[in-house]
Amino acid sequence: MTKPVVLIAEELSPATIDALGPDFEVRHCDGADRAQLLAAIGEADAILVRSATKVDAEALAAARRLRVIARAGVGLDNVDVKAATQAGVMVVNAPQSNIVSAAEMAIGLLLAAARHIPAASTALKAGEWKRSRYGGVELYEKTAGIIGLGRIGVLVAQRLSAFGMSVIAYDPYVAAGRAAQMGVRLVPLDDLLRHSDVISVHLPKTAETVDLIGADELAKVKPSAILVNAARGGIVDEHALALALKEGRLAAAGLDVFASEPCTDSPLFEFDSVVATPHLGASTDEAQEKAGVAVARSVRLALAGELVPDAVNVQGGVIAEDVRPGIPLTEKLGRCFTALAGTVPSQLDVQVRGEISAHDVRVLELAALKGLFTDVVEDPVSYVNAPVLADERGVGVRLTTDLESPDYRNLITLCGTMADGTRVSVSGTLTGPRHQEKLVEVDGFDIEVALSDHMAVFRYEDRPGVVGTVGRILGEAGVNIAGMQVSRDQRGGHALVAMTVDSAIPAPVLDEIVAAIGAERARQVDLSD
C-alpha cells in the first residue's frame, strides 16, 4: 500500500520527523527555491513549512494531491489561506508552541530597556566604564499595562505580577470577571496609556490594530514610560514612536517586530534607549521543537480524516471528548439525508439535544455539511471546503442546541427544507459503552436501527403483507436483511420501513419492491467508503 507523502520544505527538528511516525513517506525540498518547491509539491499529500516557503495560489495549483499545509509556527503570512480553503486544503499551525518564548522575550526586552543592558554592554566592551550613564529603574511597585490579554498577554501579566507590579489591561474582547480572576484590572485604552509605567503590546495585526499606538496615543503616556512590542510590527506607529523618543515624551522602547521585515535600517536604531531584536520571539529551541511536533501531530490527524483542533480554516476549536463520538455519526446522518432527499436542501438545520450541547458543538455543523456533500460532488469533500460548497449551492445552515432531550441522552437531528417547500429529517444517537450509531427517526417516524454500510427506506400506505412482500423479493434476489424496523403514524395511515442489508440492492430489485408495495418513497442509502 502506498504511503501518503509528507514534504518537509524547511529545516525542522528531528522530533518533528519522529512525531510523524512510520506511516508516511517523508521527502525534503528547499521551499525557498521556487522551482524545486513546485516540482516537489505535486506529489505531496501534506507539506510542512516555516516562514521561508511561500504556499500561494500557484503552489496550490501545482499540488494535485495536497490535503494539508502545516506551518511550524504561528504566523501565516506565507500561506494563502483563502486559496487553500477554496481548494479544500486544510491549513494548520502551532498557535501555542511559542507562547512561553514570546512572553519571555517581552520580559527580556523590558528588563533590557529598563536597565539599559545592551547599551551598557556595548560601551563596556568598547573599553568604557560608565556606571553613572546607565542607571535604570525598578519594576517593583510600578504599573504594567498589557494591551491584549490573550494567551501571551496573560503570561506576561503573570510574570510582571511576580515582579511586584500592579497589572492593568486593555482588551475589549475579554470579560472583566475573567481578568479579575487573573488579578488584572481591565481599563479603557486611554486610561492604560496615562497610568502605565510599562506598556507591553500583545495583539494580532488586523485592520483594527494597525497603528493602534500612534501619535495621539503616545502623547498620553508618561515621559518615564517604557513601551515594548514583541507581538506584530505595524501595531505601533514607528515614526510616531521615534518622534516621542526624540522629544523625551517616552523613556525607552523594546522592539522585536517591525512594520516591514527584515528591517535593518530604522530611525529607531539611533537611540540608545531602544532595545531592538530581529523578530526572535519564537526563536528558541523549545518553541521550534514544540511547533514541529504540534504540526506533525496535526498532519497525522488530518491525513487520517479526523478533525484537527489547530486547523485555522476550519470553524470550531478544541473538540470536547464527549463531542468526538458524535462527529462520524453526524457525518453519516448527512449522507443519509442526501440519499433520502435526493438533493441538497435550501436550508439545513442541525439540531443537537442532550448533554453534549453543553459543549462547543460547532464541529457537528461541519460534519453534517461534509456528509451532505460527500455523495453529491465529484471533488473530495473536507471539513475545510464543505462550508464553501454550501455557500456556492445556496444552502443555508443553522445550528441549534438544547440541553433537554426527552427520549435519548443525546440526539442529533438534520432537518432540511427543500426548494419546493417539502421537509426531510433524519435523527441519530449513540448507544451503549461502544457508542453504537443508530438511526432513530426519519421524516417524523420513530425507528431504531443500527447505521450500516447498506440501508434502505420505504414509505407506503399501512396495510398487512408489505413486510413479507419486501422480504420475499429481497430473498429471491439473494439480498440478506440484517435488521428491520417498521413505524407508522397511525393504523391504516402511512408507514415507513427502515432496514439494513448485507449488500446493495440492485436497481431492478428496488424497482420491483416499489411496484409491489406501491411505495410513495423508496431510497437506498450507501454509507460504504
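In which helix is the place of R335? R335 belongs to helix 13, which covers residues 326-341; helices here are DSSP runs of H or I with at least four residues, strands are runs of E with at least two, and both are numbered from the N terminus. Before we go on, please note that this is a predicted model, in which local features need pLDDT of at least 70 and side-chain atom pairs count only at pLDDT 80 or more, while totals for chains, interfaces and linings use all residues. Residues are numbered from 1 along each chain as its sequence is written, and side-chain values use heavy atoms, leaving out hydrogens and water.

Is R335 buried or exposed? R335 is buried, with a relative accessible area of 9% (buried means under 20%, exposed over 50%, and partly exposed in between, with a 1.4 Å probe and protein chains only). The side chain of R335 reaches the backbone oxygen of D526 at 3.3 Å.

Helix 13 also holds E331, and helix 14 (residues 362-374) holds K370. E331 and K370 form a salt bridge, with their closest N and O atoms 2.9 Å apart; a salt bridge is a side-chain nitrogen of Lys or Arg within 4 Å of a carboxyl oxygen of Asp or Glu. Because E331 and K370 sit in these two helices, the pair ties together parts that are 39 residues apart in sequence. Both E331 and K370 are buried.

How many salt bridges does a search of the whole structure find? The search finds 22. One of these salt bridges joins D23 to R300, with the closest N and O atoms 3.2 Å apart. D23 lies in the loop between helix 1 (14-20) and strand 2 (25-28) and R300 in helix 12, so this pair ties together parts that are 277 residues apart in sequence. D23 is partly exposed at 41% relative accessible area, and R300 is partly exposed at 30%.

Another salt bridge pairs D45 with R65, whose closest N and O atoms are 2.8 Å apart. D45 is buried at 8% relative accessibility, whereas R65 is partly exposed at 37%. Elsewhere, E25, R27 and E43 are linked in a network of salt bridges.

Let us finish with helix 12, residues 285-303. E286 lies in this helix and is exposed, with a relative accessible area of 52%.

Conventions
Polar contact = N/O pair within 3.5 Å; in protein donor to acceptor, adjacent residues only side chain to side chain.
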